Amino acid sequence: MARRRRGKHIPQRTCIGCRTTSSKWDLIRVVRTADGVRVDPTRRLPGRGAYVHARRACWEAAFKRRAFARALRTQLTPADLEHLRAFMASLPTEDDAPGPALDDAQP
Ligand SMILES: [Zn+2]
């Protein structure tokens, strides 16, 4: 029974926040466009891209390490930072969420 891989290769990308590798489908793509740095939910925009987990801790780490500017090889404008920070604010904080936020009722 050698059917575990489903015959498809899943591309791996490195999160610029925590530096671990994941399937690209588990990561948010950020792309450098002519209009500035944008989150790319479709992963289809042309341009130099970087990948970050959909986890606030990874985004905070990326900001702290200036990983966006390095990965995208550009200077982030205040508008770019605002855009990225607004997106980050919409992400879950699963790593440091306190217990009451979880709703896993015991059977
Ligand atoms: Zn990460």
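Which residues of the largest nonpolar core touch the most other members? Of its 15 residues, they are Ile16, Val30, Tyr51, Val52 and Phe68. A nonpolar core here is a set of buried Ala, Val, Leu, Ile, Met, Phe, Trp, Tyr and Cys residues joined through C-beta atoms within 7 Å. Buried means that 20 or more other C-beta atoms lie within 10 Å of the residue's own; exposed means 12 or fewer, and partly exposed is in between, with C-beta atoms placed from the backbone. Strand 3, strand 5, helix 1 (56-64) and helix 3 each give two or more residues to this core.

Before going on, the conventions. This is a predicted model, in which local features need pLDDT of at least 70 and side-chain atom pairs count only at pLDDT 80 or more, while totals for chains, interfaces and linings use all residues. Residues are numbered from 1 along each chain as its sequence is written.

Now the overall layout. The protein chain has three helices and five strands, and along the sequence they follow the pattern β-β-β-β-β-α-α-α. Both kinds of element are DSSP runs numbered from the N terminus: helices are H or I with at least four residues, strands are E with at least two. Of the 107 residues in the protein chain, 19% are buried. Two residues are in contact if their C-beta atoms, placed from the backbone, lie within 7 Å. Among contacts between residues at least 6 apart in sequence, 56% join residues at least 24 apart.

Three strands make an open sheet in the order 4-3-5, with antiparallel pairing. Strand 4 (36-40) and strand 5 (49-53) are at the edges with a single partner strand each, so one side of each has no neighbour in the sheet. Pairing requires that DSSP finds at least two bridges between two strands. On average, neighbouring strands of this sheet are turned by 30 degrees against each other, direction ignored. Axes are lines fitted to C-alpha atoms, for helices over the stretch in contact, and angles run from 0 to 180 degrees between N-to-C directions.

Strand 3 (residues 27-33) and strand 4 run antiparallel and are joined by five bridges. They form a hairpin with two residues between them. Two positions to look at: arginine 29 has aspartate 40 of strand 4 as its bridge partner, and valine 31 stands opposite arginine 38 in strand 4. Helix 3 (residues 78-89) packs on the sheet and touches strand 3 and strand 4, its direction making about 20 degrees with that of strand 4.

Arginine 32 is in strand 3. Is arginine 32 buried or exposed? Arginine 32 has 23 other C-beta atoms within 10 Å, so it is buried. With neighbours within four places again left aside, the contacts of arginine 32 are Val37, Gly47, Arg48, Leu72 and Thr74. Leucine 45, 13 residues from arginine 32 in sequence, is 9.0 Å away in space, C-alpha to C-alpha.

The loop between strand 4 and strand 5 contains proline 46. Proline 46 has 10 other C-beta atoms within 10 Å and is therefore exposed. Its C-alpha atom is separated by 7.4 Å from that of threonine 33, 13 residues away along the chain.

On to the helices. Cys58, Trp59 and Ala62 are buried in helix 1. They cover an arc of only 100 degrees around the axis, so they lie on the same side of helix 1. The arc is that of the directions from the helix axis to the C-beta atoms. The buried residues of helix 1 pack against strand 5, helix 2 and helix 3.

Last, backbone angles. Most residues other than glycine have a negative phi. Arginine 19, in the loop between strand 1 (12-14) and strand 2 (21-23), has a positive phi of about 65 degrees. With 12 C-beta neighbours inside 10 Å, arginine 19 counts as exposed. Arginine 73 is exposed, with 9 other C-beta atoms within 10 Å.
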